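Let's take a friendly look at one helix and at some charged side chains that pair up. Keep the picture open while you read.

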Amino acid sequence: MFKNILVPTDGSALSQENARRAVTFAKETGARITAFFAKPGYPVTYYGEGALIDPTSPEKFSELAEQQARENLAFVEQIAGEAGVDCQTLSLTSDVPYEAIIEAATRSGCDLIFMASHGRRGFSGLLLGSETNKVLTHSKIPVLVYR
């Protein structure tokens, strides 16, 4: 039924558990996995009285985001490989994670997006929770919500 399943990850324990469930589901259905990580864009700093200045250059920030993407995607690749499930990876830079998830699924030819139902707020939960609701609302690709 499903041939290519997009699995967004942010590296949190919840997203790792979601990835494990997605790999199991993919194995049972004979599908492959496309693991996805949305890299944050460089934060724009506004200078003014009382402003904090981030000493990180855009290049350094991009390098750190790429490293984080590689680490998080490597986890999904590893568990998929151990289960004998074909896995590709993709990361895009976006400050709007739900849009990036839908774009990644479309670009990769995915026919299902596999997401967790409960995420965390803040940086560690960029891809889950409220993002799941936004993906459900805006995606034309079916979304399976793991609880």
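Below we follow a helix first and then the salt bridges.

Keep in mind that this is a predicted model.

**The helix α2**

Helix α2 covers residues 58-83, which makes 26 residues. From its first C-alpha to its last, α2 reaches 38 Å, close to the 38 Å expected at 1.5 Å a residue. The buried residues of α2 include Phe-61, Leu-73, Phe-75, Val-76 and Ile-79. Among the parts that cover the buried residues of α2 are α1 (13-29), β2 (32-39) and β3 (87-93). Just after α2 comes Gly-84, with a positive phi of about 75°.

**The salt bridges**

Side chains of opposite charge can pair when their charged atoms come close. How many salt bridges does the structure hold? There are 6 salt bridges, and the table lists some of them.

| Pair | N to O distance |
|---|---|
| Glu-17 and Arg-21 | 2.9 Å |
| Lys-39 and Glu-66 | 2.7 Å |
| Lys-60 and Glu-63 | 3.7 Å |

Lys-39 forms a salt bridge with Glu-66. Lys-39 lies in strand β2 and Glu-66 in helix α2, so this pair ties together parts that are 27 residues apart in sequence. Is Lys-39 buried or partly exposed? Lys-39 counts as buried because its relative accessibility is 13%, under the 20% cut-off. Glu-66 is partly exposed, at 28%.

Glu-17 and Arg-21 sit 4 residues apart in helix α1, about one turn of the helix. Lys-60 and Glu-63 are 3 residues apart in helix α2, so about one helical turn separates them. Lys-60 is partly exposed, with 40% relative accessibility, and Glu-63 is partly exposed at 48%.

How values were computed
Residues numbered from 1 in each chain as written. Predicted model: local features only at pLDDT ≥ 70, side-chain atom pairs only at ≥ 80, totals over all residues. Heavy atoms only, no water. Helix = DSSP H or I, 4+ residues; strand = E, 2+ residues; numbered from the N terminus. Expected span 1.5 Å × (residues − 1). Buried < 20%, exposed > 50% of the residue type's maximum accessible area, 1.4 Å probe, protein only. Contact = heavy atoms within 4.5 Å. Salt bridge = Lys/Arg side-chain N within 4 Å of Asp/Glu carboxyl O.
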